[in-house]
Amino acid sequence: MTRAISKLWIILLTLLSAAIAVAVYYAAAFSEDAAISAQFKRIFDKQTVMIQRDLDDDFEIVIYLGRLFHSIENINGKEFSSYIMKAPEEHPSVYAFEWVPRVSYSQKTRYELTAREEGVLPDFYIFEKAGDKNIPVAARDEYFPIYYVEPKEQNAAAIGFDIASTPMRRRAIEKARDTGELTASEPVILVQERESGVRAFLVFMPVYYGQPKTLEERRHGLKGFTSGVFRVNDILQKSFCVKGYLNEHAVFDIEDEGLSAEERLLYHHGPTDARELSKLSYIQQKIDVAGRTLQLRAAPVKAYFQTRRTWGPFTFAAGSFIIIILLASYYKTTSARTSQIKAEVLERTRELEASETRMRAIIDGAVNSIIIIDHVGTVQLFNIAAEKTFGYGAAEVMGHNIKMLMPEPHSSAHDQYLLNYITTGNKKVIGMGREVSALRKDGTTFPMYLSVSEIKSDNQKKIFVGLCVDISKRKEAEKELTRLSERLSLAVRSGGLGIWDLDLKTGKLIWNEQMFGLYDVLPENFKGTPSDWSDRLHPDDLPAAQAKLNAALRGEKDLDTEFRIITSTGEKTIRASLITQRDASDQAIRMIGVNWDITAERKREKELLDLSEGMKAVKDMAEKASNAKSEFLSSMSHEIRTPLNAIIGMADLLSETNLTEEQAKYIDTFRHAGDSLLVIINDILDLSKVEAGLLELESMCFELNELLAKIGEIMSFHAHSKGLELVITQFPETIGLIGDAMRLRQVIVNLVGNAIKFTEKGEIAVMAEVLSKTSSDMELKFSVRDTGIGIPNDKLASVFERFTQVDSSTTRKYGGTGLGLTISKRFVEMMGGQIFAESEYGKGSVFSFTAKFKVDNECRYDLKPADNQRKETPPPGKIETRPLSILLVEDNEDNRNLILMYLKKTGHKVETAENGQIAVEKFISGHYDLVLMDMEMPVKDGLTAVRELRQWEEEQKKQSTTIVALTAHALREHEEKCREAGCDGYLTKPIKKAALLDALAKYGG
């Protein structure tokens, strides 16, 4: 019976032990899963803190850029790149750094031109998006284009994009502008990421002119924004996924709480099976992105636990089973003691595990690098912050000597330093902090602050704990601060800026060195009170300056004024400005100001004002001289053309009579001499108009080939009369241009005429070629080549000077005034070109010039005649006209007789009047079909007479009679005066018979 009970007890004990082992297994497994979950949460929490810290660190760069653009007036592209320097490498989550200026509508064209000249982009322009296309921005009051961007290579597509052209970006910059704080946009798709569709946050830091305090001042004083671009993917690239903490066995989501439920998911990592996701237990944390709240959620999936479970639960269960079996036989005698020991062991185990867990979490969560080495320098612990700082994984460093993290010569000397301390106890680093140089995995060195503590292990071996802080950014900031300080100090010294600082609570006044120099005060005589300033102001300026200072104290406006001071060396004029610092209750507590000497500037302004008044007097004298010159030329033209009209006209009339051969030669001599004299007069008038700025180019449509063909018709007779061949090369296609065709033809005719004049045999060639062409403009080159006498090299430079020919023998043999090329040169320059000559003496010359025109292939133009009579060809069938009753008004008897002889056999009835007064009387008492009215006459001139005739016709409600002006004035302004007075036509003396008959046919028909 006892044996049966004992066997039953063994069976029951075995079953009970197995059940306990199974329970222990599941309890251990559950505990291990809980530890894995806790470890996952620690990692998640730690990485969330690191993300927030890294983002805040990245934001500091954007804020720092904003301060630079606020303190420095103009920063160019090179300076912007130098300020960024290694920022893209040190802040990989920042996709780009940008400068976005505020550009008003009136500044847009200048900004675009400046950006091209500065090299921002060769074809820089401000654009917006229309679908996938870039289009020029629509007209708006202001624009916010991306002007500078780094790295430029991967972001060039965004340069010029107006960020205010999209609602989301505009909301963000308006919020930043109004609050003055760093502000993030809603997630957007970048211009340069439209294909990938990756969303990013744009973080804007507003930059203002001055120190705005109110909303209105911030809106009015906005200069632009510095910006950082943060891609959502990049935020993870430097945290979870890179470190391997989240892989295919974990789920990770990022959501923007400020978006709608459909849009708020920004990023998802892990499986997408809905059933599996519904079973997960998420942990979550929030981070702040410049005013926007992002929620980070994470959860380990089943596979995550499977890959991290150990044999611990099974081993523990098996051990429990064996222990129970072994101890069961002693249960009665040792059960109480066993229970007590077991409880103590479990409690101690929990305490050790909890202590280890807490310690590891503290070390891994530390912001600064923590490294533990033993007494021989072997690394025992290397936390996560150290991994990030040095670039090594913990496994790569632990078990190796710490000197692998030191550059030479410190690396080689480290073991000796450690040995000296252990043997002598002489401390150099232990228990104190100092700056040292450290070595990263990539071979780069960086400054580090190192603090080392000593502890003893259980085996009494010394262990050293190093706390390491990367101070690279601090050093760079110190350098930058020093550079800016030196730059500011240099600017203050070079600009002679006096700076003062007044503490309003204590009344203490501080001056810099330049202030002492400005006010001629020795430092030992300076009391440090406001009276040091007020006592030296000019008595007449003190009340106004004091009133403006009090207004600044009241906060009405910042001081910006001028006043005079009295020093031992005399009186100075000072320009002053200041700003007021106020406390939380808006009470002024401090004033800081700048003074600079503008005495010389005001003196120069007075000198310039005096000079301006003198220049005005000189200008008035020059204008009077120019008017006198114009009057002289006008009078000269009239006095020469009036008798010339009779000479040329009589020669024309004589040529129509029966003449002997000898008489015909005499008449030809008259006509040639008259024509030559007329050419000289026209050249002198053209030159004087160009020099006086009175000649303006016309803008008319013409076809280039047609113009060249007409030149060929005009000049071929002269060439053939000397046995020369005239070759004019034309274009195969039609070329429609807009410009002054008359002046262009005048230049070419002049060059061809010179070539014919100085060529005895051979040919004259006229060529034209296109130098450049766009859709709206064209630059042409014209060349006239001859085989004539040529020009010596030493005379080429002078051929375009006034009244100049190669030598006096040329003038005697060929004639001419030497004005033709001078006038041609002036016309070419007015057409935006240049004229030049090439020649080989005795073999010929090539005269070439360039000119610029507008392009219009749709236009056609029938070119006017080349003479100065502006003759218009009457339409066919109008040459013959009915007999007219004509009133001829002319004070010169020779010219009256000439016109009477012109009209002798035409059938027209002609009455004459010697001046304007007689003409008015005859016109009112008689009836005429047409009036030929001279302009320069005694008693009453032609212009006055025409006005009185038109007024009489209007009062009597008479139909207007045609009036044609006859004048020796050849300037265009005289023609315009005639038409304004009421003339219908205009003939310039000398008047050819054909021109007169054409005018009668045109106006009398």
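User: How much of the protein is made up of buried residues in this model?

Analyst: Buried residues account for 41% of the 1005 residues in the protein. The model is predicted. Its exposed surface comes to about 55000 Å², with carbon and sulfur atoms supplying 55% of that area.

User: What does the secondary structure come to, and what share of the contacts between residues at least 6 apart in sequence join residues at least 24 apart?

Analyst: There are 31 helices and 36 strands in the protein. Of the contacts between residues at least 6 apart in sequence, 62% join residues at least 24 apart.

User: Let us take a sheet. In what order do the strands of the open five-strand sheet stand, and is the pairing parallel or antiparallel?

Analyst: The order is E33-E32-E34-E35-E36, and the pairing is parallel. Strands E33 (909–913) and E36 (985–988) are at the edges with a single partner strand each, so one side of each has no neighbour in the sheet. On average, neighbouring strands here are turned by 20 degrees against each other, direction ignored.

User: How many bridges join E32 and E33?

Analyst: Strand E32 (residues 885–889) pairs with E33 over five bridges, in the parallel sense. To locate one of them, take Ile 886, whose bridge partner in E33 is Val 910.

User: Which strands do helices H27 and H29 lie across?

Analyst: Helix H27 (residues 893–902) lies across E32, E33, strand E34 (930–934) and strand E35 (962–967), and runs at about 175 degrees to E33. Helix H29 (residues 942–955) lies across E34 and E35; its angle to E34 is about 150 degrees.

User: Now the antiparallel case. Over how many bridges do E28 and E29 pair?

Analyst: Strand E28 (residues 763–773) and strand E29 (residues 777–786) pair over nine bridges in the antiparallel sense. The two form a hairpin, with three residues between them. Ser 772 stands opposite Glu 779 in E29. E29 also pairs with strand E31 (residues 844–855), again antiparallel and over nine bridges. In that pairing Leu 780 stands opposite Ala 851 of E31.

User: How do I read a helix, and what span should H20 have?

Analyst: The general idea is that an α-helix has 3.6 residues a turn, so residues three or four places apart point the same way. Helix H20 (residues 542–553) has 12 residues and, at 1.5 Å a residue, should span 16 Å; its end C-alpha atoms are 16 Å apart, which agrees.

User: Which residues of H20 are buried, and what covers them?

Analyst: Ala 545, Leu 549, Ala 551 and Ala 552 are buried in H20. Seen down the helix axis, the buried residues fall within an arc of 160 degrees, so they line one face of H20. Their cover includes helix H19 (531–534) and strands E22 (560–567), E23 (570–582) and E24 (588–597). Just after H20 comes Gly 555, with a positive phi of about 85 degrees.

User: Where is Ile 61, and which residues does it contact beyond its neighbours within four places in sequence?

Analyst: Ile 61 is in helix H1 (residues 2–71). With those neighbours left aside, Ile 61 is in contact with Ala 87, His 91 and Phe 97. For a C-alpha distance, take Ile 61 and Tyr 83: these residues are 22 apart along the chain, and their C-alpha atoms are separated by 9.9 Å.

User: Which residues does a cis peptide bond join?

Analyst: One joins Glu 150 and Pro 151, with omega about -5 degrees. Pro 151 lies in the loop between strand E6 (148–150) and helix H5 (152–155). The bond from Glu 408 to Pro 409 is cis as well, with omega near 5 degrees. Pro 409 lies in the loop between helix H15 (394–397) and helix H16 (410–424).

Conventions. Residues are numbered from 1 along each chain as its sequence is written. This is a predicted model: local features need pLDDT of at least 70, side-chain atom pairs count only at pLDDT 80 or more; totals for chains, interfaces and linings use all residues. Side-chain values use heavy atoms; hydrogens and water are left out. Two strands pair if DSSP finds at least two bridges between them. Axes are lines fitted to C-alpha atoms, for helices over the stretch in contact, and angles run from 0 to 180 degrees between N-to-C directions. Contact means heavy atoms within 4.5 Å. The expected span of a helix is 1.5 Å times one less than its number of residues. Buried means under 20% relative accessible area, exposed over 50%, partly exposed in between (1.4 Å probe, protein chains only). The arc is that of the directions from the helix axis to the C-beta atoms. Accessible areas come from the Shrake-Rupley method with a 1.4 Å probe; for residues, only the protein chains shown count as cover.
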